[in-house]
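Subject: Structure for you, with notes

Hello,

Here is the structure I promised to pass on. My notes follow below it.

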Amino acid sequence: MNNEMKLSFPSYSSNEGFARAAVAAFVAQLDPTIEELSDLKTAVSEAVTNCIVHGYRDAIGVIYITATLSEDRRITVKIRDKGCGIPDIQQAMEPLFSTGGEERAGLGFSVMESFTDSLRVRSTVGKGTTVTMQKKLAGRISGFGH
């Protein structure tokens, strides 16, 4: 049996911190280490920022997050937008590549990969992008589903 939460909110930059905190609060029931929680928050922050900056560009749309906790302490977080989509995912995942202008470092996907165990990106031009990240927590199972 898995535990799951779903969340949706407008793509205002002020909601990035909310998304990070909401996922962290949900994951806290698995008693992660501070480092594990920090890694996950950073990855979520990067994915949400990509939706805001790249997915919806100069428009406001809806960002969808689904977080699933499994009994084996695996966390799956899906972050989705219905924005412009990514024409070339492989190119977008290259370090330093960005469509966000000079103020963007182009390291979002690299950061997500480094702080999670797996990262999958699916995108359709004109329909949006879904980023799926998984991380397995170390340690014991405590209080799952209670």
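How many residues lie between E4 and E5 in their hairpin, and which residue in the turn has a positive phi? Three residues lie between them, and Gly 126 has the positive phi, about 85°.

First, the ground rules. This is a predicted model, in which local features need pLDDT of at least 70 and side-chain atom pairs count only at pLDDT 80 or more, while totals for chains, interfaces and linings use all residues. Residues are numbered from 1 along each chain as its sequence is written, and side-chain values use heavy atoms, with hydrogens and water left out.

Overall picture

The protein has four helices and five strands. These are DSSP runs numbered from the N terminus: helices are H or I with at least four residues, strands are E with at least two. From the N terminus, the order is β-α-α-β-β-α-α-β-β.

The protein has 146 residues, and 43% of them count as buried. Buried means under 20% relative accessible area, exposed means over 50%, and partly exposed is in between (1.4 Å probe, protein chains only). The accessible surface comes to about 7,900 Å², with 51% belonging to carbon and sulfur atoms. Those areas come from the Shrake-Rupley method with a 1.4 Å probe; for residues, only the protein chains shown count as cover.

Contacts reach along the chain. Among those between residues at least 6 apart in sequence, 66% join residues at least 24 apart. Contact means heavy atoms within 4.5 Å.

The sheet

The five strands form an open sheet in the order E1-E2-E3-E5-E4, with antiparallel pairing. Two strands pair if DSSP finds at least two bridges between them. The edges are E1 (3–10) and E4 (118–124), and each pairs on one side only. The twist averages 10° from one strand to the next. Axes here are lines fitted to C-alpha atoms, for helices over the stretch in contact, and angles run from 0 to 180 degrees between N-to-C directions.

E1 pairs with E2 (residues 62–69) in the antiparallel sense over eight bridges. Leu 7 stands opposite Ile 65 in E2. Lys 6 has Thr 66 as its bridge partner in E2.

Two helices pack on this sheet. H1 (residues 15–27) touches E1, E2 and E3 (74–81), and its direction makes about 170° with that of E1. H2 (residues 34–55) touches E1, E2, E3 and E5 (128–136), and its direction makes about 15° with that of E3.

E2 and E3 run antiparallel, joined by seven bridges. Ala 67 has Val 77 in E3 as its bridge partner. E2 and E3 form a hairpin with four residues between them, and Arg 73 in the turn has a positive phi of about 70°.

E4 and E5 run antiparallel, joined by seven bridges. Leu 119 stands opposite Met 133 in E5. In a regular strand the side chains alternate between the two faces of the sheet. E4 has a covered face of Leu 119, Val 121 and Ser 123. Its uncovered face holds Ser 118, Arg 120, Arg 122 and Thr 124.

Side chains worth a look

There is one aromatic pair. Rings of Phe, Tyr and Trp (its six-membered ring) pair if their centres lie within 6.5 Å; planes under 30 degrees apart count as stacked, over 60 as edge-to-face and the rest as tilted. Phe 9 counts as buried because its relative accessibility is 5%. Phe 18 is partly exposed, at 41%.

The charged end of Arg 80 sits over the ring of Tyr 64, 4.3 Å from its centre. The test is NZ of Lys or CZ of Arg within 6 Å of the ring centre and within 35 degrees of the ring normal.

Ser 8 in E1 touches Val 62, Ile 63 and Tyr 64, leaving aside residues up to four places away in sequence. Ser 8 counts as partly exposed because its relative accessibility is 45%.

Thr 124, in E4, is partly exposed at 42% relative accessibility. With residues up to four places away in sequence not counted, Thr 124 touches Cys 84 and Gly 85. The C-alpha atoms of Thr 124 and Pro 87 are separated by 7.3 Å, and the residues are 37 apart along the chain.

Best wishes
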